Amino acid sequence: MSRMQERALLLLAVAALAGLPLAASNYFVTLMNYIGIGALAALGLVLLTGVGGLTSFGQAAFVGIGAYATAWWTTVQGGSPWVGLVLAVAFTFAVAIVLGAATLRLGGHLLPLSTIAWGLAIFFLFGNIEGLGRHNGISAIPPVTLGGLSFQSGTAGYYLVWATLGAVMWLCANLLGSRQGRAIRSLRGGTAMAESLGIDTFRIRLAVFVLAGVLAGLSGWLFAHVQRFISPTAFDVGPGMEYLFMAMLGGAGHIGGAVLGSALVTLAKDALQDLLPALIKESGQLEVVVFGALFILVLQHARGGLIPSLQRLLPRATPPVPPDAPPLPRRAPPAAGGEVLVVDGVVKRFGGLVAVNQVGFELRAGEILGLIGPNGAGKSTLFNLVCGTATADAGRIRFLGQDIAGLPARRIAARGIARTFQHVRLRPTMTLLENVMLGAHLRARAGLLRGALRLDRAEERAIRAEAMRQLRRVGLDPNPHELAGNLPLGQQRILEVARALAADPLLIILDEPAAGLRRLEKQKLAELLRALRAEGMTILLVEHDMEFVMGLVDRIVVMEFGTRIAEGPPASIRADARVQEAYLGGVA
Amino acid sequence: MTAELALLLAQDGVANGAIYVLAALGIVLVFLVTRVVFVPFGDLIAYASLTLAALQEGRRPGIVWLVLLLAGLALLFELAGRQRKWGRALLAYGVLPCLPVAAAFLLAGRALPPLVEMALTIGLILPIAPLLYRIAFRPIADASVLVLLIVAVVLHFAISGIALMVFGPEGARPRLLTTASFEIGGLFFPGQMLLMLAASALATLLLALFFGFTLSGKALRATAVNRVGARLVGIRPGAAGATAFLLASALAAASGILIGPVTTLFYDSGFVIGLKAFVGAIIGGLVSYPGAVLGALFVGLLESFTAFWNSALKEVVVFAVLVPVLILRSALQRHGAEEEPEEDGL
Amino acid sequence: MTALLQADDVHVAYGRIEAVRGVSLSLQAGQIVTVIGPNGAGKTTLLAALMGLLPARGRIAYDGADLAGLDVEARVERGLCLVPERRELFTEMSVADNLVLGAYAHRRDRAGLRARLDEVYGLFPRLAERRGQSAGTLSGGERQMLALGRALMGRPRLLLLDEPSLGLAPLIVREIFRIITGLRATGVSILLVEQNARAALESADYGYVLETGQIGLHGPAGALLGDPRLSALYLGGETG
């Protein structure tokens with residue numbers, strides 16, 4: 001499917017939606033309104049949960065805040081729904097900022113648990129505030145008017161809802177394709193990966209959390225003015241679950257999934273409400289049972305949702321290879337042979353175990369230094385200390401003359417140190433190009449708004465071209481739009497190198513880049529690293545594979561049991577008896 | 001606030017807290033062994049109470065249909081799986097759960113001694129949690145805590161829909177187990193409340209003994225501590241999970257029998273009880289039984305003191321307090337292991 | 001004589017990545033066989049597949065019977081015990097509890113349990129000293145002893161050892177290897193995965209070299225030790 005065909009399909013869908021009220025019954029139009037309103041709230045969860053990896057059971061509470069804000073303003077205060085819109089957005093924004101700032105540092109399952117807690121607290125609050133009508137809620141909410149036009153009828157409401165949804169989807173799609181969107185998409189790769197690329201994960205999490213809240217608030221605003229009556233029951237944890245179900249059923253990582261999920265859930269609910277009483281007399285809440293059962297089946301068997309399965313049926317659009325663009329600005333390299341990294345007397349303890357004990361070494365510009373030693377020697381720990389993933393208990397680490405010990409990983413990345421991971425950390429569901437573009441995060445400026453409004457195009461072109469250059473350099477350019485998860489492990493390591501290079505680093509630190517590579521791949525990697533050195537790049541290599549290291553590096557530091565046991569050029573290291581013993585084993 | 005009033009509120013709070021203690025213990029137990037936050041625990045409490053009330057009124061309790069439905073589903077899952085031990089599956093999921101159901105069909109409607117009523121209630125509640133485990137959780141036992149949590153929340157909504165059908169919308173209140181009451185130092189203690197506290201203490205003690213001193217208990221703990229390690233010594237996590245859920249069922253049944261006479265329960269009252277117990281369990285750290293007991297009592301106290309200040313907002317406060325508690329906990333265990341990327345998340 | 005363990009053309013994949021590609025190996029009862037190779041070669045993956053922790057293609061026969069369809073626990077009950085690279089101890093439980101749980105597959109035999117426990121304490125006096133201490137507080141070497149001891153409590157016929165020397169000081173490595181060789185005398189067969197090539201080959205009867213998921217060299221341990229290709233593989237050399 002080409003770009004053209006994709007656009008045509010989109011145009012067709014928009015036209016069909018625009019013409020729908022002419023052909024459909026009033027009842028169906030009303031259903032469509034609820035689908036659109038639900039999709040808006042579910043879209044927030046698609047971004048938060050599906051893309052960002054943060055699960056919230058409290059989305060309905062945010063819908064409630066938006067709905068109550070505008071309902072209170074337009075009925076109790078007799079104000080305009082448009083001011084109500086401002087209030088709905090402002091309130092959800094404020095509450096989301098406060099809740100997010102308080103809870104987003106919670107790890108693992110504690111965060112979703114906290115969403116149940118505040119979701120319930122907000123729900124109980126609605127039912128207990130006199131001014132909000134307690135459990136009866138607020139009725140006779142006026143419809144939205146624009147000039148002389150009233151959105152009172154189902155059809156008029158339809159256009160309001162779907163125009164809003166369409167606009168929001170366009171903005172979100174732009175956002176996800178932009179620099180900040182990539183940062184949001186990187187969150188699921190784990191904090192360590194994102195921070196190593198210079199992404200402030202807490203701020204990004206907060207941004208996506210607030211964004212999801214505001215979308216829910218918008219949905220609540222529409223809900224209040226379309227249904228024109230609200231009560232707390234719509235904002236309980238139960239409906240919060242339903243939004244989560246919509247997002248997951250559709251496909252939690254896809255913008256279209258929100259609409260698909262909302263449509264399926266809303267239509268199925270409607271059908272069940274008609275069908276079940278006919279089948280069973282006391283059907284009561286049977287639709288909840290059916291939904292629950294379906295949701296559990298989806299969770300057990302198809303956690304990815306429907307959109308990915310549908311996408312597999314359609315031919316995938318192949319975007320063109322990105323054209324060349326003016327290069328991004330580069331850092332000034334240090335003078336050849338100048339001091340780049342100095343590690344001095346570094347100590348790291350884990351409980352009683354001293355993982356790194358008084359280790360020191362120096363690294364000069366344009367040099368490749370190999371850090372080797374048997375498993376468990378403390379290489380990776382030392383590595384993490386330099387990159388800021390862990391903090392040293394004692395000792396100094398200087399980069400280009402400045403002390404970097406104790407700085408968080410993203411600040412160290414900003415100074416010009418890029419790294420790869422021993423256990424490859426890529427986003428398997430992003431393309432090769434996108435993964436490398438993530439590496440250039442710090443070389444661009446665009447924020448959320450510029451991304452959503454497509455004001456970042458020139459910058460994006462430059463990043464894309466840069467990413468393409470790096471892919472070419474490491475030899476992964478034939479299929480830039482392939483998903484990273486489809487690469488064999490060896491090539492995934494190479495892709496990490498390309499990502500590191502995209503950051504325009506002055507020092508690049510590679511953690512066992514040759515592990516799992518075939519012989520030929522190792523030779524190609526060694527060639528690449530030699531070429532980089534020739535360009536003045538400084539490289540620190542943590543490696544296990546002696547053969548790979550020996551032919552490549554200028555100097556070697558050997559570690560064993562957390563201490564440095566030898567240092568020197570490869571030939572002298574090879575002849576060192578202690579090294580031989582450490583490697584081939586000294587039991588005899 | 002006078003000291004006398006504070007004392008009264010404290011007594012009320014402990015009585016409230018006693019309602020949540022057994023549930024908090026059960027939630028911790030299940031979480032430790034299976035990593036499932038068993039949200040429907042509270043529902044089971046309500047079902048136990050409704051079942052006991054129905055038996056006392058000479059009606060056949062609706063729970064029998066729930067047991068039969070779940071047993072049927074579990075059997076279906078068993079047959080659909082590649083499990084080759086048909087006989088064992090048929091026994092565990094087809095025959096065993098039906099025994100109390102058969103007893104209920106035979107005995108309901110007759111005047112029964114209270115102990116038989118209670119035994120039958122326990123018998124009917126016992127199969128429910130293990131069956132739910134088999135149907136909802138075991139197929140995804142290796143999923144993240146998060147996925148298991150979502151399944152648990154969904155499961156609550158699904159089974160409460162069925163509960164409305166089988167129990168009806170009316171609430172029930174079984175007879176008090178004891179009408180005795182005691183006066184200590186000017187404060188009046190109903191016997192039922194003392195019974196609840198005694199049962200909580202007994203359950204805490206028994207759990208401590210079971211996990212501390214028996215091989216089965218240690219095996220359950222081992223599963224919780226290290227799943228792979230447990231498998232490598234031959235402990236089947238599936239069986240361990242089923243055991244944990246069975247114990248949870250027993251705790252829920254006991255809790256329902258004890259608290260039912262104190263507070264009228266409806267088919268859906270369990271959710272909030274379960275969640276409050278859960279708040280208590282989290283306050284206690286979600287990993288310690290004594291901690292869960294103290295947490296549950298704290299929730300009870302919090303409830304009674306807030307209710308005095310503003311009765312409408314007591315639920316708001318109980319749930320809102322969880323947020324600062326979680327933040328505090330997370331701050332205290334900051335120095336944890338390095339996180340792994342969560343691909344599985346959602 | 002049929003082999004105690006016979007693996008034919010075993011493939012193991014994580015998603016699309018195939019970490020073990022067509023490995024065949026065999027082990028006779030009473031033998032120590034070692035699989036050596038660099039990091040990332042697929043050694044741990046191979047053991048996980050033999051144990052049933054990962055699904056594998058190909059045939060794995062143990063004691064003449066196909067292991068397909070048997071889960072980890074059933075393999076444990078048949079005397080196949082793994083000491084994993086990550087040890088997988090019950091860190092929050094005491095040393096004694098860890099050992100007792102090691103005999104879980106034989107839990108009905110209470111008397112045997114006591115005797116076995118004494119045997120393991122005899123083998124590792126250090127564990128006896130620390131029986132009340134929680135496993136999480138042990139040093140690296142003690143943890144390895146506990147992992148080994150826990151596996152021995154399960155009365156293995158075939159012990160799968162994954163990098164028992166990993167991260168341990170030379171003195172302790174020597175001790176561990178002394179115990180491993182001693183075990184053979186008691187009738188336990190051992191499949192030893194190691195990157196400490198020399199120590200492994202000196203204790204073993206036969207060796208396989210695993211590289212990027214495939215068996216390269218293999219042969220009697222003594223012959224492999226003297227093979228120049230092996231030291232080239234490890235220390236890098238002219239042949240590389």
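I began with how much of chain B is tucked away: 56% of its 346 residues are buried. I counted a residue as buried when its relative accessible area is under 20%. I keep in mind throughout that this is a predicted model.

**Surface.** Next I looked up the accessible surface of chain B, and it comes to about 13,800 Å². Carbon and sulfur atoms hold 68% of that surface.

**Make-up and overall form.** I found 16 helices and 2 strands in chain B. Its radius of gyration is 20 Å, close to the 20 Å that the globule rule gives for 346 residues, so chain B is as compact as a globular protein of that length. Along the principal axes, its C-alpha atoms fill a box of roughly 65 × 60 × 40 Å.

**Contacts.** I then turned to contacts in chain B with a separation of 6 or more, and 76% of them join residues 24 or more positions apart.

**Charges.** Chain B carries 21 positive and 18 negative charges, and I noted that their mean positions are 13 Å apart.

**A look at one helix.** I picked helix α8 of chain B, which runs over residues 145–167. At 1.5 Å a residue, its 23 residues should span 33 Å, and I found its end C-alpha atoms 31 Å apart, which agrees. Is α8(B) enclosed or open? I saw that 22 of its 23 residues are buried, so α8(B) is largely enclosed by the rest of the structure. What follows α8(B)? I found G168(B) there, with a positive phi near 80°.

Notes
Residues are numbered from 1 along each chain as its sequence is written. Chains are lettered from A and ligands numbered from 1 in the order in which they are written. This is a predicted model: local features need pLDDT of at least 70, side-chain atom pairs count only at pLDDT 80 or more; totals for chains, interfaces and linings use all residues. Side-chain values use heavy atoms; hydrogens and water are left out. Helices (H or I, at least four residues) and strands (E, at least two) are DSSP runs, numbered from the N terminus. The radius of gyration is taken over C-alpha atoms; the globule rule is 2.2 Å times the number of residues to the power 0.38. Buried means under 20% relative accessible area, exposed over 50%, partly exposed in between (1.4 Å probe, protein chains only). Contact means heavy atoms within 4.5 Å. Accessible areas come from the Shrake-Rupley method with a 1.4 Å probe; for residues, only the protein chains shown count as cover. Lys and Arg count as positive and Asp and Glu as negative; His and the chain ends are not counted. The place of a charge is taken as NZ of Lys, CZ of Arg, CG of Asp or CD of Glu. The expected span of a helix is 1.5 Å times one less than its number of residues.
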